[in-house]
Structures are given as structure tokens and as C-alpha cells.
Amino acid sequence: MRKESAQPATTGVVKSWLQRHGLSYELMIKVTLGLMFVLIIGANLNSMRFFNTVESVNEQRLARDVAERLALISQTLSDHPRLGINTNETRRLAEAAGFEKLYVVETEALRHTEVGYSEYTSIANLHLLQELYGLPKKLAGGATTSLPTSLTYPYAGIGGESMRAGFYHFMSSEGVPLTLVGTLVVPGDREVNKLAKLNTVFQILSVLAVLTIVLVLLRLTLTPYRKIKSQAIAAEIASTEQAESVDFAVETFQKVIDELRQKEEKLQRLYAQQKSRAASLERYNEFVLESMYSAVVSCDTDGNVTHYNRAAEELFGGKRSEKLHKPIGEAISNCPGLAELVKEVLASGLEATLPEREQQVGGARKIWLNISCTLLRDLQGHIQGAMLLATDLSEIKKLEAEISLKDQMATIGEMAAGLAHQLRNSLGAMIGFVQLLKKITADSPQASGIVENILVETKDTSAMVDRFLTLSRDTKFSPAEVSLAHVEASLRAKLEPELEARDIKLKIEIDRTLDEIVVDEMLFVNTLHNLIQNAIQASQEGSSVHLIIRSRSAEEIEVQVRDQGSGISAENLPNIFTPFFTHGKVDGTGLGLALVRKWVHQHGGTIQCESKENEGTTFTLTFPQNLPVSLY
């Protein structure tokens, strides 16, 4: 009852009107579909009329444009039409107006086909123009004293294009009636004709389609109505004599069907909401797993991979699409120990966690990992699989090593500060005494040589103390624009004696796009000098050392120092930047590379070393390009 009262007032008025006039539900459907058919037919006829109107408007616009263009060109030809038609100016006007060709001919010769001669054009052109003038035409502009300006209907050109010819009549300055003829290609004419034909075919087909649809709808709509009506009469709910009772029974059935349909739609909405909520939760879980820094690999109870996140792709290699549904031993074959751990957890039902350890992944690569393997259970507590969680601790270990190095440097600095004065004072006194002793023993060559050796060792010790203090103190850092050509010249001047002595060539390659860079010149040159000097000492006679300076990106400059020398063993490579660590150098102090690393870090850069024994060493340095220039 509440639904009936909520119906629109217009529906009640229509129903009461139909009841007063004795119209049944069946007749209402027939009338409705008939009106729909009439409306669609009317819409088709209206669209056809609109298409014809648009076509007529376009035709009038084209005719008006052609008449205006010809009138404009005729003004330049009135004085000397015979010569003016062949000038470059006329050709430019014709091309700008869109005409393919322009002709000037006597109007009388154009109108009468028996005339076979013209003073303004050739005989072949005259026959062509007479033929074009004989084509059906229509007015294209205002009339002159004798003939109107006209435009032909479309005709086929030599290449099959849709062509038009316009005729403009004017008087020359000598009083001769002339006609300016312009031919132009109108590519839209062919398409318009095709569209007109297609539109007609479409209108006919649409009328037939609408008629078919109306008949089908009429049949589909009335079939259930007649079935309900027959069932209502058979159940004595309604009688054939009383149309109102039949309609009442049909409406009752229809209400029941509508209510069932509404309940079905409501159930479908609830199902869709629950499905969307489950999908949203699943996507959220996917986002969480994909965003994790740790590698997550999960598998079912059979050991087949069910999830493989982005971090697992980076750690274990391979793409997720290739790893899913594969046995976990095959998915992470480059870490067999981890696959065995997952299998043991599934077999025993006990979760496992491994302490931090260095794990070999994919051949020779070793990384620090924190590994745990947990069981996956459902709401009832049943085991559904296992999940392996592996966290890469390599960066953390690297930071720990850097912190340890900084602590060492701080300790060395504190120790150096305490010993500096005593050592330097003592060394200064020793050097003074040795120099005095050298003067005393000048007459004895043997004693003088011994004193000279003592003096050299004392000065070397003093130099080592100075470098030690340089490593422990903060070095003044003053970045400025430095010419790379100047850097190259300075390096060659400093290294030339040692290069010549060992017969080693220094090859320097500098990116042409880099003229100047912003660095502390002294620290930058000393850095390169130390690295090249080490490369020279590690190289064989007759070999070469390469220095490459290039732009790595818009933000970074890359510097490489390469040699083909003895190289550094894998076990010694991690310690080369540790103070006092020497490799293959008897007279080395072990402070050179520590200083180099300090100077590179002062620039905000990085330094890395790659080396293989008996193959050579490559130091790769990066420096920022946007380093601010010091104001002091």
C-alpha cells in the first residue's frame, strides 16, 4: 500500500484515463510501441532534412567563395588580360585562391561552340572551356549586364578527382567582354556524395531495423502478459469478460516479480560490495608486501611459490611471473641453503630464525642477510604454507664499517694530537744534531755516508708524522672553478720524472663537455697524484696508466684511474683504505689511500676500487657537479 501511494501523480492520471476509456494493458503496450516507431521515423526524416540543409549551405558557401576569388583576380587582368593571365603574380593569386588552372577567353567564343578561334587562349583550351561551359551550372554570385557569374556542378577530372569550374564575366579596358574561368579540385564533393548515399541507405535500414525491433518487443512483451492472463483466467482470478480483473491479476503478478527483482538487485549489490572489500583488502596486502624492503617468498604446503615480491626479485634474481607456482628450490636455486630451511620448517612445523650471516648469492656475490622462516596458518590454525623473510643488511654493515673507520680515525687523531709536539720536537732536534754531525764528519766519507742515511731516515720519519697529522686534522676545504687543462699540466709536471724512469705512459682522457669543474684544486690534484703514483708503482715497465675524467650525469663527474699492474688480492681489497695498511710496497706508510678517501669525502663524493691479481686495478671516483664555490 505504501508503494502504491508513492507512485507519481501522472501515472495515476494516465491509468485512470485508460480505465475510463476501457483501454487494456495489451492495448497500452501496442500504443506505446507504435508511438515509439513514429517518433523514430520522424527523427530519421528530420536527420535527412538536416543533412540536406547542411549540404545546401556548404554548396552556397563554395559558390560564393569562388565568385569572390574570381572577381578579385579579374581586377588585376582588366588592363592587360592577354599578358596578365601568364604572369607569376596571377599564378600566385590562383594558387592562393585554390584554383588549379586559370583561363581568359572571349565570352562570345565561350557561349557558341561553333567559334573555333580565340585571341586569348589556344584552340585546345577553347574547346575544353566550351565543353565545361556546357555542363550544368548554377548561379555563384551577382549578375553582370549580360551574364551572371556561375559555377558548374561536380565533374570528374583527369585523375578521377572531383572538379568544379567557375565562370566570371567582366569587361576589359578595351571594352571586350571576357570571361575568367577557374578550375579547382573539391575533394569534399566525392565524400559528400558518398555520405548522401550512405545516409539514404542508413535511413532505410534504420526504419526496417526499428520496425523489426518494435515487432520483436511487441512479441516479447505480450507473450508473458498473455501467459499470465491465461493462468489468471484458469485460476478464476480474472474473467475474459472483465478487462479490469485481468489487468488487476497481471499487475499483481508484476508487483511480485518487481519485488523479487528488487531483492535480487539488493543481494547483487551486497555481494559486489563484499567482493570489492575482499579485493581491496587483497590489494592492500599486495601493496604492503611490495613496499617491504625485505625479500618475501611464500609457498604452499607442497613447497610451490605463491608470492614473490619486488625485493625478492632484486635479491634472488628473476621475475615474479617466472617464479610463481614453481618449487621453492627452483625459485631460489642461487641460495640452496634457504630453500632447505623452508622445507625443514614445513616438515617439522617449527619456525626458524637464523642469526646475521654472510650468505653467498648467485655465484661469487656475498651479502649479509637476516633470515627468518614462519608458518602461514588459516583462521582455524591449520598450516597453509610457509613464508621466508630475508633482509639485506649489506648497507648496514657498510655503514657500520664506515663508522668503525671514523672511530679509528678519531682515535688516531686523539693519539696524534698527544704525540705530535713531542715527536716533531724530538725529530727537529735530531735533524739539527745530525746536520751538525754531518759537518764534523765531513772529512770522513764513510762516516759522512752513515750520517746522510740517518738524516734521510729522520726526514722521512718527519714527513710521515706530517702526513699522519694531515690525516687526523680537518683539512681546509676551498672549492673553486678549476681548469681541467691546468690539472692535466700540473699532473704531468709532477709525474714526468717517475714516468720516464719506469718507461710508463700516462694517457689522460677528458670529456670535451667539461672545461672547468668546481673542486678544491690542491686536494683534487693531490688525490689524482696519489692514485696515479700508486698505479705507476704497481705497473710493469713499458705499460700505461689511464686517467679518465668525464661527465657521468647532470649531477655527477666520474674520474677513473686504471692500470694493468699486479693488482690487489680479494682478501686485502677491503682493507686498502685502512690507515697504515700497505700492500706490496716496502717503503709505503699506508696513509696515502686513507688521505685520498678523506679528500674525496670532503667533496661529497665516493671512491670505489675494483682489482684482480695480475690483471690490474681501477679506482672510480665521483664528484658532485653542483658544488658551491667557496667565498673565502
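1. The largest pocket is lined by 32 residues, and K398, L573, P574, F577 and R597 lie nearest its centre. A pocket here is an open set of points on a 1 Å grid over the protein atoms alone, where a 1.4 Å probe fits, with protein on both sides within 12 Å along at least five of seven lines; lining residues have an atom within 4 Å of a point.

2. This is a predicted model: local features need pLDDT of at least 70, side-chain atom pairs count only at pLDDT 80 or more, and totals for chains, interfaces and linings use all residues. Residues are numbered from 1 along each chain as its sequence is written, and side-chain values use heavy atoms, with hydrogens and water left out.

3. Helix 14 (394–440), helix 18 (592–602) and strand 17 (606–612) each supply at least two residues of the pocket lining. Helices (H or I, at least four residues) and strands (E, at least two) are DSSP runs, numbered from the N terminus.

4. K598 is found in helix 18. This residue counts as buried because its relative accessibility is 15%; buried means under 20% relative accessible area (1.4 Å probe, protein chains only). The C-alpha atoms of K598 and F577 are separated by 9.5 Å.

5. In strand 7 (residues 295–300), 5 of the 6 residues are buried. Strand 7 runs antiparallel to strand 11 (residues 383–392), joined by 6 bridges, and S298 stands opposite M387. Two strands pair if DSSP finds at least two bridges between them.

6. Strand 7 also pairs with strand 8 (residues 305–308) in the antiparallel sense, over 3 bridges. In this hairpin, G303 takes a positive phi near 85°.

Terms used:
Buried < 20%, exposed > 50% of the residue type's maximum accessible area, 1.4 Å probe, protein only.
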